[in-house]
Amino acid sequence: MDVTVHDAQDTDSGVRLRAGGTEVTVDPARGCRISSLRIDGTEVLRQGERYGAFVMVPWCGRTRQGRFLNGGERYQLPVTAGEHAIHGTVRAAPWHTVRSDGRTASFYHDLTDPWPWPGRVTQVVELAEDGGGLTLTLGVETAGDSFPAQAGWHPWFLRNLGQGGQDVTLDFAPAWQEERGEDHIPTGRRTEPRPGPWDDCFGMPDGVDVTLTWPDELELKVTSRAEWVVVYDEQPEAVCVEPQTGPPDGLNSHPRLVTPIDPLEVSTVWSWRRPA
């Protein structure tokens with residue numbers, strides 16, 4: 001493991017990366033969350049109680065009643081959202097800073113109880129040289145036996161940038177929508193995409209591609225080779241666009257094994273431009 005380098009501003013409030021007119025703050029003490037993204041001085045991520053963009057590992061969204069199978073054996077996770085387990089175990093846990101060099105930083109967190117298997121999660125945060133984009137890369141490795149896992153991000157994008165402009169609009173073309181049961185878990189049935197508001201998962205087999213537009217202010221595109229995205233826009237303050245490697249309850253419906261020779265790796269790119 002590399003020795004930590006403090007070329008970037010590494011403070012109690014997080015690791016700060018800068019390029020062009022963009023500043024990104026990562027908070028390793030609070031789940032390696034992207035706590036702030038300021039583009040030309042404008043904050044794009046919600047602040048306050050539900051803020052920034054957090055990591056979802058080793059599962060995304062809800063796992064039904066916190067239960068899942070691996071190799072025929074049943075496991076029980078802590079129930080944290082109603083009757084379900086939600087968003088993994090790492091989003092509030094402390095991470096370690098491996099290195100930072102001004103516009104790139106890397107971090108890790110070792111999986112422990114309540115996750116049944118030892119492993120390691122890494123995140124690399126890279127700000128483009130011109131400040132026009134951000135690449136986030138997650139890796140999930142096992143330290144022993146194979147286990148199913150998912151990985152993804154849960155950003156809280158501001159609905160309104162607070163500068164007198166219009167609310168954000170979303171543009172994306174999913175191949176299907178996962179039918180959502182009353183318990184907020186996909187039923188396994190795929191439907192034609194329906195109009196929002198949403199707290200729903202969509203399939204994008206060619207990769208996630210969602211554009212957020214604050215008219216006359218900013219256009220931000222979220223892309224990923226991940227094939228699922230959850231969109232949550234039922235709150236007045238924020239809109240969430242969540243690239244992830246499987247749907248909610250995916251530990252049961254779409255298990256992806258992490259093995260000693262086959263880690264789980266996924267990236268998302270956020271790129272932006274001001275209107276001409």
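A: Start with Cys32, which lies in the loop between β3 and β4. Strands (E, at least two residues) and helices (H or I, at least four residues) are DSSP runs, numbered from the N terminus. The model is a predicted one, in which local features need pLDDT of at least 70 and side-chain atom pairs count only at pLDDT 80 or more, while totals for chains, interfaces and linings use all residues. Residues are numbered from 1 along each chain as its sequence is written, and side-chain values use heavy atoms, with hydrogens and water left out.

Q: Why is Cys32 called buried?
A: Buried means under 20% relative accessible area, exposed means over 50%, and partly exposed is in between (1.4 Å probe, protein chains only). Cys32 has 0% relative accessibility, so it counts as buried.

Q: What is noted about the phi of Cys32?
A: Phi of Cys32 is near 55°, a positive value in a residue other than glycine. Most residues other than glycine have a negative phi, and most peptide bonds are trans. Asp249 also has a positive phi, near 65°. Asp249 sits in the loop between β25 (238-244) and α1 (250-253), and its relative accessibility of 6% makes it buried.

Q: Which peptide bonds are called cis, and with what omega?
A: The bond from Asp113 to Pro114 is cis, with omega near 20°, and Pro114 lies in the loop between β12 (104-111) and β13. The bond from Gly196 to Pro197 is cis as well, with omega near 5°. Pro197 belongs to the loop between β20 and β21 (199-203).

Q: What is Thr191 in contact with, beyond its neighbours within four places in sequence?
A: Contact means heavy atoms within 4.5 Å. By that rule Thr191 is in contact with Trp176, Gln177 and Glu179.

Q: How do you know that strands β2 and β3 pair?
A: Two strands pair if DSSP finds at least two bridges between them. Strand β2 (residues 14-19) is joined to β3 by 5 bridges, and the two run antiparallel. Ala19 stands opposite Thr22 in β3. Their hairpin has 2 residues between the strands, and Gly20 there takes a positive phi near 55°.

Q: How many bridges link β3 to strand β4?
A: There are 6 bridges between β3 and strand β4 (residues 33-39), in the antiparallel sense. Val26 stands opposite Ile34 in β4. This hairpin has 5 residues between the strands, and Gly31 takes a positive phi near 80°.

Q: Why is strand β3 described as largely enclosed?
A: Of the 6 residues of strand β3 (residues 22-27), 5 are buried, so the rest of the structure largely encloses it.

Q: How many helices and strands does the whole protein have?
A: The count is 1 helix and 27 strands.

Q: Why is the protein called as compact as a globular protein of its length?
A: The radius of gyration is taken over C-alpha atoms, and the globule rule is 2.2 Å times the number of residues to the power 0.38. For 276 residues the rule gives 19 Å and the protein has 18 Å, which is close, so the protein is as compact as a globular protein of that length. Along its principal axes the C-alpha trace spans about 55 × 50 × 30 Å.

Q: What share of the residues is buried?
A: Buried residues make up 52% of the 276 residues.
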